[in-house]
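Biologist: Please give me a close look at one part of this model, namely how the chain packs against itself. Go down to individual residues where you can.

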Amino acid sequence: MSILVGYINTAEGLAALDRAVEESTLRKTSLVVINTSRGDALVDERYLQADDIQWLRTKMDDTDTDYELVQAVRGQDAAEEILTVAEERGVELIVIGLRRRTPVGKLIMGSTAQRILLQAHCPVLAVKS
């Protein structure tokens, strides 16, 4: 079994990653770090580039956590991709970061976190930065 964490290069993403490493250590499981893009834009600031990947690998190598970085571009949005990978890998926990959004923002844009919380087939741990 493993733990899956959705990671983007933000304070919320870092909080989720740190907590996922803690959970992985406590549960003695591996960690799947997922960073995804729909691929429908020429530049997606949330999709990690070479420097960010190197920083992430260095950070993870400094822990004793067995991890795998997954960067998928399958045309799915972040919630769909996280749920798909969680289902494919049979993870025991999903860790996500939360940011404050206005009710109108959630209504217009939807909420990736809300979809993951409602549709995941395993427990979801949501953390704030």
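Modeller: Among contacts (heavy atoms within 4.5 Å) between residues at least 6 apart in sequence, 74% join residues at least 24 apart. This is a predicted model, in which local features need pLDDT of at least 70 and side-chain atom pairs count only at pLDDT 80 or more, whereas totals for chains, interfaces and linings use all residues. Residues are numbered from 1 along each chain as its sequence is written, and side-chain values use heavy atoms, with hydrogens and water left out.

Of the 129 residues, 42% count as buried; buried means under 20% relative accessible area, exposed over 50%, and partly exposed in between, with a 1.4 Å probe and protein chains only. The protein has five helices and five strands, and along the sequence these follow the pattern β-α-β-α-β-α-β-α-α-β. Both kinds of element are DSSP runs numbered from the N terminus: helices are H or I with at least four residues, strands are E with at least two.

The strands form an open sheet in the order S3-S2-S1-S4-S5, with parallel pairing; two strands pair if DSSP finds at least two bridges between them. The edges are strand S3 (67-72) and strand S5 (124-128), each of which pairs on one side only. From one strand to the next, the twist averages 25 degrees.

Within the sheet, strand S1 (residues 2-6) runs parallel to strand S2 (residues 30-36), and five bridges join them. Ile 3 stands opposite Leu 31 in S2, and Leu 4 has Val 32 of S2 as its bridge partner. S2 is mostly covered, with six of its seven residues buried. In a regular strand the side chains alternate between the two faces of the sheet.

Helix H1 (residues 11-27) lies across S1, S2, strand S4 (93-98) and S5, and runs at about 155 degrees to S4. Helix H3 (residues 78-89) also packs on the sheet, where it touches S1, S2, S3 and S4, and its direction makes about 150 degrees with that of S2. For these angles, axes are lines fitted to C-alpha atoms, for helices over the stretch in contact, and values run from 0 to 180 degrees between N-to-C directions.

Two packed helices are described by the angle between their axes and the distance between the axes. The axes of H1 and helix H2 (residues 50-61) come within 12 Å and cross at roughly 30 degrees. H1 is therefore roughly parallel to H2, since angles under 35 degrees count as roughly parallel, over 145 as roughly antiparallel, 65 to 115 as roughly perpendicular and the rest as oblique. Leu 14, Leu 17, Asp 18 and Val 21 make the contact from H1, and Trp 55, Leu 56, Lys 59 and Met 60 from H2. By class there are six nonpolar, no polar and two charged residues; Ala, Val, Leu, Ile, Met, Phe, Trp, Tyr, Cys and Pro count as nonpolar, Asp, Glu, Lys and Arg as charged, and the others, Gly among them, as polar.

Leu 93 sits in strand S4 and counts as buried because its relative accessibility is 4%. Leu 93 and Val 124 are 31 residues apart in sequence, but 5.8 Å apart in space, C-alpha to C-alpha.

Arg 57 belongs to helix H2 and counts as partly exposed at 34% relative accessibility. Arg 57 and Tyr 67 are 10 residues apart in sequence and 9.3 Å apart in space, C-alpha to C-alpha.
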